[in-house]
Amino acid sequence: MTHPVPGPRGAEFWPAMQHCHVFASSSLDRAAHLRRDEAALAEMKKAPETRLLPLWHLRGLIALEAKPALSWQPMALLDDLADSCKELIFLGLDEDGVACFAVGLEIEGNPAKSGALDGAGKFIDVRTIAPQLGYGDAAILAQARALIDWHARHRFCAACGIATEAIDAGTVRSCPAPDCGALHFPRTDPVVIMIALWQDSCLLGRQPPWPKGRYSALAGFVEPGESIEEATRREIWEEAGVKIGAVHYHSSQPWPFPSSLMIGCVAEAESPEINIGADELEDARWFSRDEIREMVRRGIEEPDSEELALPPPLSIAFQMSNWWLNAD
Ligand SMILES: [Zn+2]
């Protein structure tokens, strides 16, 4: 942060807020300039070193070695599985300049249990495997999952209703109708997620369906025509009835389930009064540092505990809460 921060906390409180989260920090160069370069794409598809990541029912193919990793395959796999492949997506170039693609397989039987992918690994749910992958691999898997899911949900033109087709190496969909021609881009839905602070305590809430004992940062979609700061103040007011003054950006996390970007904020409460809204929360309250410290410890050491707990460590809610413990 380069500007002085208003409010009771000094500027020294805020600079350490830049965090890297699971699903961020991809090791790939997205190389967007190559997406429309048909000659370059054709070369990359033919190159023997080019890498292909298959997903099946949005699960990524994982090589289960000592440390799980993405199970990259040669492009020749496409010849074997042509009938079950949907859009081929150019993800980018790796650190050695090797092209990386993803493909979604639409096939009934698990392709990792027989045929071309037998022995290549296991198709695993992205959220389940992410904590065991390196940050780079988890981010690549997030990118692939989000794009494959977006294609599946946007097969038809939102303007005229006819079937669209993938262009630009699987990163855009185009309407072929001569009198329409609309272009459709992958969507990312902004969600604000925030901890509010009052003196030496932190506001968290819980929703009725959550596991017993779990409390988390409040969160909600940013609405059309609304800033991040306004959405943060509105959500905390609607859900917990807490008046908010200054709002500070903390960090963000791609959350490809299916297409959210979690925008983490720290909000300064103007009073400790809480009035829980009728719709969403079962409870909201202020937590002391000692309580949060214990919840962080439990999240790492006793993930199945039914005592007071945060969401899992891969979540931005857990990471922001943990940040606050050491914030000043
Ligand atoms: Zn159209």
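Predicted model: local features only at pLDDT ≥ 70, side-chain atom pairs only at ≥ 80, totals over all residues.
User: Where is the place of P258?

Analyst: P258 sits in the loop between β14 and β15.

User: How many helices and strands does the protein chain have, and what does its C-alpha trace span?

Analyst: The protein chain holds 7 helices and 16 strands. Its C-alpha trace spans about 60 × 55 × 40 Å along the principal axes.

User: Why is G299 called buried?

Analyst: A residue is buried with 20 or more other C-beta atoms within 10 Å of its own, exposed with 12 or fewer, and partly exposed in between, with C-beta atoms placed from the backbone. G299 has 20 C-beta neighbours inside 10 Å, so G299 counts as buried. In the protein chain, buried residues make up 34% of the 328 residues.

User: Which residues is G299 in contact with, leaving aside its neighbours within four places in sequence?

Analyst: G299 belongs to helix α6. With those neighbours left aside, G299 is in contact with A309, L310, P312, P313 and F318; contact asks for C-beta atoms, placed from the backbone, within 7 Å. As for M320, which is 21 residues from G299 along the chain, the two C-alpha atoms are separated by 13 Å.

User: What makes α6 and α7 oblique to each other?

Analyst: The axis of helix α6 (residues 289–301) comes within 10 Å of the axis of helix α7 (residues 316–325), and the two cross at roughly 130°. Axes are lines fitted to C-alpha atoms, for helices over the stretch in contact, and angles run from 0 to 180 degrees between N-to-C directions. Angles under 35 degrees count as roughly parallel, over 145 as roughly antiparallel, 65 to 115 as roughly perpendicular and the rest as oblique. The crossing of roughly 130° therefore makes α6 and α7 oblique to each other. On the α6 side the contact is made by R289, I292, R293, V296 and G299, and on the α7 side by F318, S321, N322, W324 and L325.

User: How do you know that α7 is largely enclosed by the rest of the structure?

Analyst: Of the 10 residues of α7, 8 are buried, so the helix is largely enclosed by the rest of the structure. Those buried residues are I316, A317, F318, Q319, M320, S321, N322 and W324. Their packing partners are β11 (189–198), β12 (201–206), β14 (244–255), β15 (260–269) and α6.

User: And N326: why is this residue called exposed?

Analyst: N326 is found in the segment after α7. Only a count of 12 or fewer qualifies as exposed, and N326 has 9 other C-beta atoms within 10 Å, so N326 is exposed. N326 lies 54 Å from I162, C-alpha to C-alpha, and the two are 164 residues apart in sequence.

User: How is the protein chain divided into domains, and which elements bring domain 1 against domain 2?

Analyst: Domain 1 covers 32–153 and domain 2 covers 188–325, with bounds from an automatic or database domain assignment. Their centres, taken over C-alpha atoms, are 33 Å apart. Across the boundary, 9 residues of domain 1 are in contact with 6 residues of domain 2. On the domain 1 side, α3 (126–129) and α4 (135–153) are the elements giving two or more residues, and α4 gives the most, with 5 residues.

User: What share of contacts in the protein chain join residues at least 24 apart?

Analyst: Among contacts between residues at least 6 apart in sequence, that share is 64%.

How values were computed:
Residues numbered from 1 in each chain as written. Helix = DSSP H or I, 4+ residues; strand = E, 2+ residues; numbered from the N terminus. Contact = placed C-beta atoms within 7 Å.
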